[in-house]
Amino acid sequence: MAKESSNAKSSGNFFQNLIDSIFGGNDPEAAKKRQLKSIWKTLSKSKYHFYKNSAHEVDPAFAKYFYEIYKVISPAQLMFQNSTPAALKKIVLDVSMTKEQREAYDLLSESAITEQSKKIGIKELSEKTKQTLEGLLSQFDNSTIAKIDNLYTKLMLLSNFCQFDFYFLLKKFDGNVKEHNFSYTPNFRPITGTYVAEDIKNFIAVAWCIPFEADWEDVFKLLRAVKGVEPITLAVWKKVMARLRQLRERKVLEMMVQLITEEPNWREVPKSEDFRIVDDFISDTRKQVETTLANLKARQTAGKIDSLLSQVFTGDVEPLKNYNTANSAVFERKDYDGYLYAEPLSYLKQFLLDYTKKEIRELSDILLVRGDWANQQLATPMSDAYHQLLEVSEKIAALDARMSEDGGELGYKLKTLLPRAERDKEAKGIIKTTLKDANNAAARLIISAVQYYVSYDRNLKMCLEDFVKMPRSELVLNWRELDHFAEGRLKEMCVEAYKKIYAFVQLMQNFQVNVEED
């Protein structure tokens with residue numbers, strides 16, 4: 001019995017193997033052939049006789065089909081080839097905005113803002129411009145944004161379709177076909193399918209993104225408004241879409257690719273594209289306005305600084321030996337902050353040396369040493385401010401020495417760590433901390449010095465007001481004696497010092513000086 005069972009089993013395997021060898025069984029290649037055969041059977045039953053499976057050739061009927069499309073979209077292709085996406089965005093936005101919105105947008109252009117800056121101050125201009133900006137942008141609600149984005153999306157999909165390279169495809173079927181020239185009657189011939197497989201794939205990727213059911217009236221209305229003529233009419237475009245819709249629904253092109261490439265499972269899933277331009281428009285408009293205002297303010301500030309520099313200094317300002325803009329550039333090129341306050345600190349040092357230790361020292365000796373104050377405590381704020389300023393001068397020199405690469409505590413550390421920073425995170429962190437410490441030290445010196453100058457100038461103004469009250473002065477009792485000592489120039493000296501310090505304080509206020517907290 002066991003032997004009979006074994007024989008029966010062997011016999012069953014033999015017949016199963018025989019059947020599998022004839023019909024393919026689980027063989028992947030046989031399964032693929034069955035799939036391709038099924039695909040060809042479906043394609044051959046369609047009305048689109050574009051492919052001959054036995055010869056692996058694409059039929060002239062395929063080329064003729066695409067040639068008819070090419071003829072009607074050719075003028076639109078030329079138009080879109082001469083239009084950039086940026087130009088199309090501008091067209092859509094211009095058409096979509098109301099007259100009032102366009103006028104407001106024009107006021108926000110760089111040239112318009114610059115022109116207005118010649119008539120009003122930067123502060124007033126900034127407030128006025130920002131009001132115009134917010135007023136314009138507030139009108140772009142969700143509904144308006146969706147409408148504009150939808151219009152641009154359809155326009156771009158039309159553009160992408162029209163710019164498909166029909167000519168390159170058709171020339172493979174007839175080398176005598178001329179681009180955008182339809183006086184010649186093509187003589188299309190069959191070609192091997194592999195020559196156009198990629199072209200068909202590319203066409204599917206472009207064409208099947210088109211929303212065939214959408215309302216295209218707004219797109220063609222836009223083209224009429226902008227170009228004056230229609231490169232392609234809405235009626236013709238609807239006919240093209242109707243033909244393409246049938247081709248897509250029957251999956252004719254997909255089946256052709258599957259047969260040509262012998263990949264029955266090939267699928268192209270067109271990406272549904274939604275172009276969003278309003279968000280970028282809002283962001284770009286805001287950025288452009290902010291940049292224009294910032295540049296105007298920077299130019300104005302630079303102009304003020306140049307004017308104040310000429311008032312405060314008679315010659316060139318010498319930079320500090322180590323904490324200077326030249327040494328700062330080494331760090332800035334590697335994206336570090338650098339020496340943030342090198343410029344204002346050099347002005348402070350120069351003003352301390354050129355003016356505070358000379359003219360202000362002479363004036364202070366007269367007022368604070370020789371002056372007979374009704375109450376000596378009234379002279380204390382002015383005296384303290386003056387002596388504190390002398391100490392600031394010494395502290396600047398000390399900080400600059402610390403920034404020396406040759407033996408300076410901070411400068412040597414920076415010099416040592418900088419070559420290692422790109423590969424050593426710890427070194428990079430120490431550099432940042434060291435620069436912050438140096439900049440904070442510089443900021444504190446500048447801030448304190450300005451405060452001392454303001455205090456000195458405020459008290460100097462009180463002295464001037466008291467001087468003109470002679471002989472009923474209440475603050476200093478010996479003005480005549482002091483003026484005699486100053487050879488009759490005391491009032492002039494006080495006025496000049498007051499103006500000079502005031503100008504210097506204004507100069508320093510043009511720099512954003514802050515102490516960075518940990």
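User: How do the residues of the lining of the largest cavity divide into nonpolar, polar and charged?
Analyst: Six are nonpolar, one is polar and one is charged. Ala, Val, Leu, Ile, Met, Phe, Trp, Tyr, Cys and Pro count as nonpolar, Asp, Glu, Lys and Arg as charged, and the others, Gly among them, as polar. Before going on: this is a predicted model, where local features need pLDDT of at least 70, side-chain atom pairs count only at pLDDT 80 or more, and totals for chains, interfaces and linings use all residues. Residues are numbered from 1 along each chain as its sequence is written, and side-chain values use heavy atoms, with hydrogens and water left out.

User: Which residues line the largest cavity?
Analyst: Met79, Ser83, Leu88, Ile91, Leu222, Leu223, Val226 and Lys227. A cavity is a set of points on a 1 Å grid over the protein atoms alone where a 1.4 Å probe fits but cannot get out, and lining residues have an atom within 4 Å of a point.

User: How much space lies in it?
Analyst: About 40 Å³. The volume is the space filled by probe spheres set on the grid points, which are joined across faces, edges and corners. The count of cavities of 30 Å³ or more comes to one.

User: And what volume has the largest pocket?
Analyst: About 310 Å³. A pocket is an open set of points with protein on both sides within 12 Å along at least five of seven lines. The largest pocket is lined by 13 residues, and Lys297, Thr301, Gln509, Asn510 and Gln512 lie nearest its centre.

User: Where does the largest share of that lining come from?
Analyst: From H14, with eight residues. H14 spans 278-312, and helix H21 (490-509) also supplies at least two residues. By class the pocket lining has five nonpolar, six polar and two charged residues.

User: Switching to Ser364: buried or exposed?
Analyst: Ser364 is buried, at a relative accessible area of 1%. Buried means under 20%, exposed over 50%, and partly exposed in between, with a 1.4 Å probe and protein chains only. Ser364 sits in helix H16 (residues 342-369), and its side chain reaches the backbone oxygen of Ile360 at 2.7 Å.

User: What is Ser364 in contact with, leaving aside neighbours within four places in sequence?
Analyst: Val369, Tyr386 and Tyr456. Contact means heavy atoms within 4.5 Å.

User: Next, how many aromatic pairs?
Analyst: The count comes to 35. One of them is Phe313 and Phe351, which is edge-to-face, at 6.4 Å centre to centre and 85° between the planes. Rings of Phe, Tyr and Trp (its six-membered ring) pair if their centres lie within 6.5 Å; planes under 30 degrees apart count as stacked, over 60 as edge-to-face and the rest as tilted.

User: What does the Phe313 and Phe351 pair tie together?
Analyst: Phe313 lies in the loop between H14 and helix H15 (325-332) and Phe351 in helix H16, so the pair ties together parts that are 38 residues apart in sequence. Phe313 is buried at 6%, and Phe351 is buried at 1%.

User: Last, the backbone. Which peptide bond is cis?
Analyst: The one from Met470 to Pro471 is cis, with omega near 5°. Pro471 is in the loop between helix H19 (425-467) and helix H20 (479-485).

How values were computed. Helix = DSSP H or I, 4+ residues; strand = E, 2+ residues; numbered from the N terminus. Polar contact = N/O pair within 3.5 Å; in protein donor to acceptor, adjacent residues only side chain to side chain.
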